[in-house]
Number of protein chains: 2
Amino acid sequence: MNHEQLIKQYETIKARGKKLDMSRGKPSPEQLGTMSRLLTAVIRNDECFSETGTDCRNYGGLDGINEMKRLFGEILNVPMEQVIVGGNSSLNLMYDTVARAMLCGVREDCKPWCKYDQISFLCPVPGYDRHFAICELFGIRMINVPLLSDGPDMDLVEKLVAEDDTIKGIWCVPKYANPSGITYSDEVVRRFAQLKPAAKDFLVFWDNAYAVHELVDEEVPLADIFTLAEQYGNEDMVFYFASTSKITFPGSGVAIMAASERNLDQIRPILAKQTIGFDKINQMRHVKYFGSAAGIREHMKKHAAIMRPKFEIVDSIMHSELDGTGAAEWVNPKGGYFISLYVPDGCATAVYNEASKAGVALTKAGSTYPYGFDPRDRNLRIAPTYPSNDELRVATHVLCEAVKFAAAKKFFDLVN
Amino acid sequence: MNHEQLIKQYETIKARGKKLDMSRGKPSPEQLGTMSRLLTAVIRNDECFSETGTDCRNYGGLDGINEMKRLFGEILNVPMEQVIVGGNSSLNLMYDTVARAMLCGVREDCKPWCKYDQISFLCPVPGYDRHFAICELFGIRMINVPLLSDGPDMDLVEKLVAEDDTIKGIWCVPKYANPSGITYSDEVVRRFAQLKPAAKDFLVFWDNAYAVHELVDEEVPLADIFTLAEQYGNEDMVFYFASTSKITFPGSGVAIMAASERNLDQIRPILAKQTIGFDKINQMRHVKYFGSAAGIREHMKKHAAIMRPKFEIVDSIMHSELDGTGAAEWVNPKGGYFISLYVPDGCATAVYNEASKAGVALTKAGSTYPYGFDPRDRNLRIAPTYPSNDELRVATHVLCEAVKFAAAKKFFDLVN
């Protein structure tokens, strides 16, 4: 596409009054359209009964129906007995887990976190802004840890948690990390499992948001954190989260957490004060829609078929426009929802601003770091999934122009 | 029914292996069966769009769709702008409100409650056990206040909140109170609206769980707390809660809270850290199912037609078995889900135990008081809605026998 064509297409899209949005990891309307059968999966009264006879239309069943626990257990390789089915949001379950630790302590013999002058979390960076926002809200100090190509820098993680007993947690997206797309290696997962933290109430927040979100035919395996942690007597350290938000309908899906028996014994009585139970009809809808774990994997192929071309569009346009400029680095991921783009130091904010002026919304520069502060101002999270392919082409061209502009300006400023 | 018939019917029901359950305020299967059309209210993709164009199947819309806010606004007489639509549980919204106050404070200029050595709540008694459980979990001291026939003893409430700045809240079920069934008079609501608490972060938890839950044709009016509170500059003091749990499917309904503009300005940014949003498809299901506030009122008549005979069964059997014994007092309510039964002092636990031995589950004696402790051990919460009418007849006879037995034993012990 030459410059004139780009301008023309851009004007056409602007005339539609639609902002080009590459800011959030949202499924496209086309993806959502593939799931209409979920809306009709439970439409009769007699479809509302679980295998134990629970009437999903009534109170009861605090931690979810068996069928839903089993389904998540199978796709995550976690025993169904360790699963608590929650509401529609794994973020909310994580927020609740931090809030519960703040107010009640992690276990009976642990002081509530709010009773400490200072507590801290390790934050592999770049990472997920909504994880960081929970810490910021509760005044939890965040410590950056570099996320390498096989997971967080474990030398640093091991050292910090052993030395500093104010460190009470770490945020992990172990598969197709948000935003880098990397998956933790078996070795990294094993090192997590055998951590020796100074704080006995240190928690690993294992947010496996993209457990079955492959973009290509190859499935990237993730080692099983619970099995490994048990080998080292560390199973109480792991809090596991997942949801169907990017499997079915975001906001109308089903979220779960999984934890050790000892942790569940602490959580369930507190959860029973918080709610009488979550939406079991929606759980049953999901169970009937998928049928089995295999059904979920088949279903995810439909999403991949729609999403993969979008990632390819962004990747190929960036290659054709930015290769050889030295102004951009990225890796096209094998799964997940994001491309993590590195621009020259000090340029990310300028790229964000330039793209914004041209009508393309990116995730705010800095968002992938705690406190919204990217120390080198160089990382941008690109979310290719929501726009149509046409819009995406234009948006990516705009993005590339913005990158070149910002980089040129930086180097011009440097030599002048 | 004579004693022999009772025994026979009881044996028949026991043989079915079903425990007679009068313990929780649950709709009966028959009530649930009237709502099958809710399961099919949104089954097409094009039914998922709100009036503002929001795609309910995707992320976005933190505090709910307009249609749902309007519907609740209309049935509660609250401006829709003051409404936040939550998930499936108003209890969870109340829990979150307390947890938020504990961790973040009620407003920016207020200290988080967890930073105080001691905070307290007023608890009109008898009251709702799940309210009290939240306080107990967070170590909030509970102070009993008698619930009179027109609302809490306001002389006492006014005196206590003015004197004691550790008092940060009061639990209210202002219409068809759980369990007494009384509705706060206009005068009581007005006195709430003009409270002058010593603590500037004192909150009124206005849990209007039974706003449209009439059992008889006569609707008992409830004065509008927000309108009155505004007259006294006290609108920031009120947190309003409601849900469709006992309108549609418990656990799969929609809950809301309403608050002043100033409070909403504090809540929304915190809520945005907690979740990306609640289940908007389920909101749309409810909107399409009811159509309007009038639709909700029509719908509630179907419930009343099923529930009213159950209340009448309990009331009439208790009258025929207990009138003149001096062993029981109760008022058959005009709405809500409960009958509050008073037995002679020191007898409630005995009645609960005797009924339990005979296979009838009551709400545990003491549950209607903070810490599960009824100082006079005389109140029982009877929930007539869940059992079938046949089961209910037997269960009520058993209950009456238990009351007579416990009372006789007490008076026998007294004279011997």
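## Exercises on a predicted two-chain model

Let's start from one residue pair: A:Val85 has A:Ile256, in strand 9 of chain A, as its bridge partner. Keep in mind that the model is predicted.

**Exercise 1. Describe the overall build of chain A, and decide how its radius of gyration stands against the globule rule.**

Solution. 
- Step 1: Count the elements: chain A has 14 helices and 12 strands.
- Step 2: Its radius of gyration is 22 Å, close to the 22 Å that the globule rule gives for 416 residues, so chain A is as compact as a globular protein of that length.
- Step 3: Check burial and contacts. Of the 416 residues, 55% count as buried. Among contacts between residues at least 6 apart in sequence, 75% join residues at least 24 apart.

**Exercise 2. Work out how chain A and chain B are related, and through which surface the copies meet.**

Solution. 
- Step 1: Chain A is superposed on chain B by a rotation of 180 degrees with 0.0 Å of shift along the axis, at an RMSD of 0.0 Å.
- Step 2: The two copies are thus related as by a two-fold rotation axis.
- Step 3: Since 100% of the interface residues of chain A are also interface residues in chain B, the copies meet through the same surface.

**Exercise 3. Find the residues that touch the most other members of the largest nonpolar core, then follow B:Val204.**

Solution. 
- Step 1: This core holds 194 residues, and those touching the most other members are A:Val204, A:Phe239, A:Tyr240, B:Val204 and B:Phe239.
- Step 2: Not counting residues up to four places away in sequence, B:Val204 touches B:Ile170, B:Cys172, B:Phe192, B:Met237, B:Val238 and B:Phe239.
- Step 3: Another core, of 39 residues, lies apart from it, with B:Met307 and B:Trp330 among its members.

**Exercise 4. Is B:Phe49 buried, exposed or partly exposed?**

Solution. 
- Step 1: Locate B:Phe49 in the loop between helix 3 (36-39) and helix 4 (66-76) of chain B.
- Step 2: B:Phe49 has 14 C-beta neighbours inside 10 Å, so it counts as partly exposed.
- Step 3: Leaving aside neighbours within four places in sequence, B:Phe49 is in contact with B:Thr54, B:Asp55 and B:Cys56.

Terms used
Residues are numbered from 1 along each chain as its sequence is written. Chains are lettered from A and ligands numbered from 1 in the order in which they are written. This is a predicted model: local features need pLDDT of at least 70, side-chain atom pairs count only at pLDDT 80 or more; totals for chains, interfaces and linings use all residues. Helices (H or I, at least four residues) and strands (E, at least two) are DSSP runs, numbered from the N terminus. The radius of gyration is taken over C-alpha atoms; the globule rule is 2.2 Å times the number of residues to the power 0.38. A residue is buried if 20 or more other C-beta atoms lie within 10 Å of its own, exposed if 12 or fewer, and partly exposed in between; C-beta atoms are placed from the backbone. Two residues are in contact if their C-beta atoms, placed from the backbone, lie within 7 Å. Copies are superposed by least squares on the C-alpha atoms of residues with pLDDT of at least 70 in both. A nonpolar core is a set of buried Ala, Val, Leu, Ile, Met, Phe, Trp, Tyr and Cys residues joined through C-beta atoms within 7 Å. Two strands pair if DSSP finds at least two bridges between them.
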